[in-house]
Amino acid sequence: MTVASAIIKLCIRAFIFCVSGTVAAVGQRFSAPEPQTGTIMGTVTDVRNDVVPGAAAVLDGPASSDHRTVVANDNGFFVFENVKPGVPYHITVSQTGFANWISPAITLTPKQFLQLTGVKLTIAVAMTTVAVAPNNEQLATQQVEVEEKQRVLGILPSFYAVYDSHPVPLTPKLKFRLASRTATDPVTFLGTGFLAGLDQAADKFDYQQGAKGYGQRYGARYANLLTNVMIGGAVLPSVLHQDPRYYYQGTGTTESRILHVLSYPFICRGDNGHRQPNYSSLGGYLASGAIANAYYPESNRGPKLVFSTALADMGGTMVNAFLAEFVMNRPTRAAKQ
């Protein structure tokens with residue numbers, strides 16, 4: 001055998017070996033075919049069974065490559081093709097204004113066509129935070145509730161003193177509430193009794209002495225207070241839109257604070273917050289003095305009684321303002337709140 005024939009035989013054997021290997025590999029591939037895929041489809045509706053077009057449907061599997069998204073058509077229909085069998089999937093459907101719909105685990109068999117049912121979207125629940133602030137009437141009521149607890153040295157009522165730097169105006173109802181609270185306070189009755197006793201001791205006004213005379217003086221004193229506080233502290237302030245309260249100054253020189261106290265019967269704040277002549281208090285003083293002519297002894301009636309009663313009421317107003325400015329302990333921030 002020649003060398004050339006030996007080489008030819010070797011090449012033939014090598015070619016046969018390669019062909020045999022290729023045929024075996026092809027045969028192996030055909031003997032183990034890929035599993036056939038399936039299809040998942042569905043129709044998106046809302047709770048009224050109206051279709052929801054344009055919803056996004058997302059297919060998720062265990063592998064990152066098993067993630068696909070399709071958009072439902074105008075009829076709400078969507079479909080996922082070539083879905084691997086034997087793999088657990090979840091489908092999430094979403095649309096603006098609706099809560100997401102998530103399917104249970106879905107595992108297809110080879111060549112399965114699965115029609116999803118119950119793909120219904122519900123309206124999303126919006127969580128809204130609303131900040132509720134009290135209105136002016138509620139704030140004014142809260143301020144009055146604090147003011148009704150104010151007492152000089154823990155005894156004398158100081159309901160008309162304002163220590164809030166930015167108070168809101170009082171409603172007519174609250175103005176009458178403060179006036180009634182002042183007129184019916186137990187200390188008011190005790191103070192009236194004390195003043196009536198002084199009148200009795202000085203034999204002031206032409207009443208008789210004894211218990212009857214004391215009772216008459218007590219009634220006259222209380223009538224003066226009642227008419228003054230109701231007319232000057234409630235009726236006229238409501239009609240004229242003025243604030244009957246004393247506004248605490250607290251700063252500046254002692255002289256300026258005393259001047260502020262002395263000006264209280266003449267200068268007040270309107271419900272609009274501006275300073276203006278205190279027509280309410282002045283009208284209350286004069287009205288109280290005029291009404292006094294109806295119940296004082298006839299011998300004491302006249303212009304002198306009107307002005308003396310008015311001046312006495314004005315002096316009492318200044319005394320109360322002085323106590324509120326210099327003696328009264330300001331409410332703490334916690335109490336005001």
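I started with phenylalanine 77, which is found in strand 5 (residues 77-83); strands here are DSSP E runs of at least two residues and helices are H or I runs of at least four, numbered from the N terminus. I'm working from a predicted model, where local features need pLDDT of at least 70, side-chain atom pairs count only at pLDDT 80 or more, and totals for chains, interfaces and linings use all residues. Numbering runs from 1 along each chain as its sequence is written, and side-chain values use heavy atoms, with hydrogens and water left out.

Leaving aside neighbours within four places in sequence, I find phenylalanine 77 in contact with Met41, Gly42, Thr43, Val71 and Ala72 (contact: heavy atoms within 4.5 Å).

Next, I looked at helix 2 (residues 136-147) and helix 3 (residues 172-183): their axes come within 10 Å and cross at roughly 10°. Axes are lines fitted to C-alpha atoms, for helices over the stretch in contact, with angles from 0 to 180 degrees between N-to-C directions. Helix 2 and helix 3 are therefore roughly parallel (under 35 degrees; over 145 is roughly antiparallel, 65 to 115 roughly perpendicular, the rest oblique). Glu137, Ala140, Thr141, Val144, Glu145 and Glu147 of helix 2 meet Leu174, Arg177 and Leu178 of helix 3.

Last, I checked helix 5 (residues 210-240) against helix 7 (residues 279-292): the axes come within 8 Å and cross at roughly 140°. That makes helix 5 oblique to helix 7.
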